[in-house]
Amino acid sequence: MKFICLTLLIISGITDSRSERYDVVGPVDSVFAVAGEDVILPCSVKPNISVVDMTVRWSGLDLKDSQLVHLYEDHGDRNTKQIESYRGRTELNHQELQRGDASLKLSSVRVSDEGRYKCFIQSKSWYDDATVDVSVEAVGRPPVITVDGFDHSERLHLQCESEGWYPEPVLEWLNSEGVSLSSETTQMQRNTDGFSVKHTITVHHRDDKIHCRVKLRHHTLETLIVTSSISFNPWRTTIILNLIAVALIVIAGILLAAFVRKNREHDELQNENRRKKQEHDQLQTETCRIQQEYDQLQEEKNRKQQELDHLQEEKNRKQQELDRLLENRKQEFSSEDDQEQIVKSGMQREHDQPQNVKETKGKQGNQQSKKEDKKCLLQ
């Protein structure tokens with residue numbers, strides 16, 4: 001019985017292991033992307049089972065140590081160790097994961113994104129991976145045709161230039177009938193923006209229309225120049241150049257005159273400012289002088305006020321002395337009045353004595369004269 005149960009468990013484990021097996025499938029051909037646009041890197045499992053519970057890891061095989069591009073694990077994105085240049089530019093559609101689609105969306109493609117990527121999908125008991133080759137194209141600017149000069153045999157030298165391409169573009173010249181023309185000189189340079197290309201060619205007056213075409217895989221840009229509208233007369237060119245020179249001289253004269261006028265106005269303004277400054281200094285000096293005179297007058301006023309106060313004090317002192325003298329006089333007169341009262345009392349007692357009448361009259365006359373003297377003194 002135990003042997004039968006063990007056998008069933010082994011058979012069940014083998015069956016479950018086989019049921020979890022799957023193949024990770026990528027694109028057969030390279031994926032082409034245009035710089036600045038978005039691109040989808042295809043990756044899915046066959047059969048179409050859900051990979052929601054699995055681990056999906058995208059890495060760059062051409063990068064150092066196959067660095068992480070995008071990681072889906074434990075039902076969520078885990079991009080803490082993601083390459084800095086890919087941050088915010090990768091995305092997995094979580095709804096499509098339920099149908100076994102683990103394609104990676106890469107936004108704002110750069111030239112540096114070109115290379116091989118690995119899509120790795122792992123379950124609890126099985127894993128598999130697929131590779132995706134990405135080719136990036138950068139479409140440059142439309143070609144520009146310029147006239148590089150002409151000779152006396154009425155042959156026109158043209159130059160066509162375009163930049164910002166990746167990888168190296170192909171530049172060709174075509175006549176009005178679409179026949180390819182050979183370039184005389186070719187220059188190809190690469191910088192941070194991509195490749196720049198420059199070709200020159202010499203055409204004859206009978207060639208009416210010349211095309212400059214730049215091609216890169218799936219993209220083509222073209223520019224046309226009509227040579228019949230360009231004059232090959234060297235005398236006319238000389239006249240045009242002379243006119244241009246005259247125009248430049250006139251413009252230079254106008255600019256020089258404007259500069260001189262501006263310089264003169266500037267000098268006049270400087271002189272006016274100096275004059276106003278001198279006037280301001282004179283006013284300032286006059287103000288200081290007036291202030292000094294005012295201070296002197298103020299000092300004189302204070303001195304006069306002090307003298308006035310001194311005179312007032314002297315006056316008060318004299319007045320106090322006069323008051324004190326008058327008070328003394330009053331006291332003296334008061335004593336004399338008291339004496340007069342005593343005399344009057346004695347005279348009243350002697351009124352009845354006839355022999356002393358004359359003497360009494362004589363004393364009254366003296367008292368009367370003293371009163372009059374006292375009134376004159378008080379006055």
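A polar contact is a pair of N or O atoms within 3.5 Å, where within protein one atom must be able to donate a hydrogen and the other to accept it, and where residues adjacent in sequence count only if both atoms are side-chain atoms. By this rule the side chain of asparagine 175 reaches the backbone nitrogen of glutamate 177 at 3.0 Å. The structure is a predicted model, in which local features need pLDDT of at least 70 and side-chain atom pairs count only at pLDDT 80 or more, whereas totals for chains, interfaces and linings use all residues. Residues are numbered from 1 along each chain as its sequence is written, and side-chain values use heavy atoms, with hydrogens and water left out.

**Confidence**
- The mean pLDDT of the protein is 83, and 80% of its residues reach 70 or more, pLDDT being the predictor's confidence in each residue, from 0 to 100.
- Over residues 8-18 pLDDT stays under 50, and the model has 0 contacts beyond four places in sequence for them, a contact meaning heavy atoms within 4.5 Å.

**Asparagine 175 and its loop**
- Asparagine 175 lies in the loop between strand 14 (170-174) and strand 15 (180-181); strands (E, at least two residues) are DSSP runs, as are helices (H or I, at least four), and they are numbered from the N terminus.
- With a relative accessible area of 14%, asparagine 175 is buried, a term that means under 20% relative accessible area, while exposed means over 50% and partly exposed lies in between (1.4 Å probe, protein chains only).
- The side chain of asparagine 175 also reaches the backbone nitrogen of valine 179, at 2.8 Å.
- Beyond its neighbours within four places in sequence, asparagine 175 is in contact with Leu181, Lys209, Ile210 and His211.

- Serine 162, in strand 13 (residues 155-165), is buried at a relative accessible area of 2%.
- The side chain of serine 162 reaches the backbone oxygen of arginine 141 at 2.4 Å, and a polar contact of 2.7 Å joins it to the side chain of tryptophan 165.
- Serine 162 and phenylalanine 195 are 33 residues apart in sequence, yet their C-alpha atoms are 8.7 Å apart in space.
- Serine 196, found in strand 17 (residues 194-204), counts as buried at 11% relative accessibility, and its contacts outside four places in sequence include Ser162 and Glu163.

**Aromatic pairs**
- There are 3 aromatic pairs, counted where rings of Phe, Tyr and Trp (its six-membered ring) have centres within 6.5 Å, with planes under 30 degrees apart called stacked, over 60 edge-to-face and the rest tilted.
- The pair of tyrosine 86 and tyrosine 117 is edge-to-face, because the ring centres are 6.4 Å apart and the planes stand at 85°.
- This pair links distant parts of the chain, 31 residues apart, with tyrosine 86 in the loop between strand 7 (76-77) and strand 8 (90-92) and tyrosine 117 in strand 10 (residues 115-122).
- Phenylalanine 120 and tyrosine 127 form a tilted pair, at 5.7 Å centre to centre and 40° between the planes; phenylalanine 120 is buried at 17%, whereas tyrosine 127 is exposed at 52%.

**Nonpolar cores**
- Of the 30 residues in the largest nonpolar core, Val24, Leu41, Trp58 and Ile121 touch the most other members, a core being a set of buried Ala, Val, Leu, Ile, Met, Phe, Trp, Tyr and Cys residues joined through side-chain atoms within 4.5 Å.
- Strand 11 gives the most to this core, with 4 residues.
- A second, separate core of 15 residues includes Ile145, Trp173, Ile201 and Ile225.
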